[in-house]
Amino acid sequence: MDGTTDSANCSFEPYRRQVFAWAYRLLGNPHDAEDVVQDVFVRWDRQCRGKPPRHARGWLRRVTLNRTVDVCRDPRRIVRSPADGDGEPETMASDPSAGLDREALRAELAAAMDGLTEMQRSVVIAKVYDGLTFAEVAAEHELAVSTVKTHWLRAIRSLADSLKEKWADHAHPGVEPARGHAAVPGRPDRKAAL
Amino acid sequence: MNCQDFEMLLADALGGELADADRPALEAHLAECSRCRDEHRSANDILEKMRAIPGPSRDLETGAVRAQGLQASAWRKLGPVLRYAATIVVAFGAGYLARGTQATAPDGPPGGRGAIVARDDDSAGQAARNSFEAALSGAYRTQPRGSDLAKCMSALFRARG
């Protein structure tokens, strides 16, 4: 798959797991992530009936993150903690305080992502969690590489402004670094990102 | 190198794509500029913590996605039928509510629950609408994950009752 879409191969199935993973990163529970997957699927279906997005992954990431941020903003949303049993299995098995710390980080990150533009959110998730290069992100969004880097830098600055003080109080959750990700910034392992 | 020229190097470094040839320039500027040094350190710290937030486990992802797949394919097939059915249900529900606002004859069927005598003004109808809206708000609070159709039906029955 070269990442471009036309109406002949406008299938949601190949992206479903990735959409779930994007939503789960910020929401932390599978039920909310499933709701987002369903919403994104409906939008995808509607889009494909009209003009299929040229670069499916980039379009899906933007729509997923927008919808995820909407869910986070929803005052009716019940935020589940690991104690509710909806956390991931490794959270339940590990030190509860570390689990709660990670959930607090996740919630604060989701709130900080709300302050980014749509493109900044997409670039950050693509770089941090999907392991894409600047060139790959640029191709997805049909932007120049320098523009992507500018979005990236502005996004990281905005997140740092929002989170620096809040996260200074958190113990480093490096108890269990994300799968395949090194503790120091480097290119994330792309195999583990999926 | 000034701070403005440094920005692209900083972006590359934070993105894990700094070329080896650029590393000496990056480190030289960080050594002499405290502002950029602090920004580099703080951004790295944020990125480390972001990367440490775990994604879904494979089992969770696969299981949830498998269930979602079944749900989605069924929804696709039933979508038009359900939309039609939902329209009928809402129409009947609205009519059912409206009937509750009509006057009943003194020797007519005993006023069931919710029977309201019609008045010259629309206060009874408004009361019914308020009741429905309150029930719908309650449904959204108590059933956050239920479908909108389920919430609407629940609210209709509660308001009528």
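In this predicted model, buried residues make up 52% of the 194 residues of chain A. The secondary structure of the chain consists of nine helices and zero strands, and the pattern along the sequence reads α-α-α-α-α-α-α-α-α. Chain A exposes about 8600 Å², of which carbon and sulfur atoms supply 51%.

**The nonpolar cores**

The largest nonpolar core contains 65 residues, and those that touch the most other members are Trp44(A), Leu60(A), Leu109(A), Val124(A), Trp152(A), Leu159(A) and Met50(B). Helix H8(A) provides the largest share of this core, nine residues. Apart from it lies another core, of six residues, including Phe132(B), Ala155(B), Leu156(B) and Ala159(B).

Which residues does Leu109(A) touch, not counting those up to four places away in sequence? In chain A they are Leu26(A), Tyr129(A), Leu159(A), Leu163(A) and Trp167(A), and in chain B they are Met50(B) and Ile53(B).

**Two residues compared by accessibility**

The table sets out the relative accessibility of a residue from each chain.

| Residue | Relative accessibility | Class |
|---|---|---|
| Arg62(A) | 18% | buried |
| Leu136(B) | 23% | partly exposed |

Arg62(A) belongs to helix H3 of chain A, residues 56–73. Because buried means under 20% relative accessible area, the value of 18% places Arg62(A) among the buried residues. Its side chain makes a polar contact of 2.8 Å with the side chain of His141(A). Leaving aside neighbours within four places in sequence, Arg62(A) is in contact with Glu118(A), Met119(A), Ser122(A) and His141(A).

Leu136(B) is found in helix H5 of chain B, which covers residues 123–142. At 23% relative accessibility, Leu136(B) counts as partly exposed. Residues up to four places away in sequence aside, Leu136(B) touches Lys151(B), Cys152(B) and Ala155(B). Arg158(B) lies 22 residues from Leu136(B) along the chain, and the C-alpha atoms of the two are separated by 8.8 Å.

**A loop residue in chain A**

Glu142(A) is located in the loop between H7 and H8 of chain A. Most residues other than glycine have a negative phi. Glu142(A), although not a glycine, has a positive phi of about 55°.

**Helix H1 of chain B**

Helix H1 of chain B runs through residues 3–14, and at 1.5 Å a residue its twelve residues should span 16 Å. The C-alpha atoms at its ends are 15 Å apart, which agrees with that expectation. At the start of H1(B), a side-chain oxygen of Asn2(B) comes to within 3.1 Å of the backbone nitrogen of Gln4(B). After the helix comes Gly16(B), with a positive phi near 70°.

Which residues of H1(B) are buried? They are Phe6(B), Leu9(B), Leu10(B), Ala11(B), Asp12(B), Ala13(B) and Leu14(B). The cover over these buried residues is drawn from both chains: it includes helix H7 (134–141) and helix H8 (145–168) of chain A, along with helix H2 (23–32) and helix H3 (34–52) of chain B.

Notes. Residues numbered from 1 in each chain as written. Chains lettered and ligands numbered in written order. Predicted model: local features only at pLDDT ≥ 70, side-chain atom pairs only at ≥ 80, totals over all residues. Heavy atoms only, no water. Helix = DSSP H or I, 4+ residues; strand = E, 2+ residues; numbered from the N terminus. Expected span 1.5 Å × (residues − 1). Buried < 20%, exposed > 50% of the residue type's maximum accessible area, 1.4 Å probe, protein only. Contact = heavy atoms within 4.5 Å. Polar contact = N/O pair within 3.5 Å; in protein donor to acceptor, adjacent residues only side chain to side chain. Core = buried A, V, L, I, M, F, W, Y, C linked by side-chain atoms within 4.5 Å. Areas by Shrake-Rupley, 256 points an atom, 1.4 Å probe, with all protein chains shown as cover.
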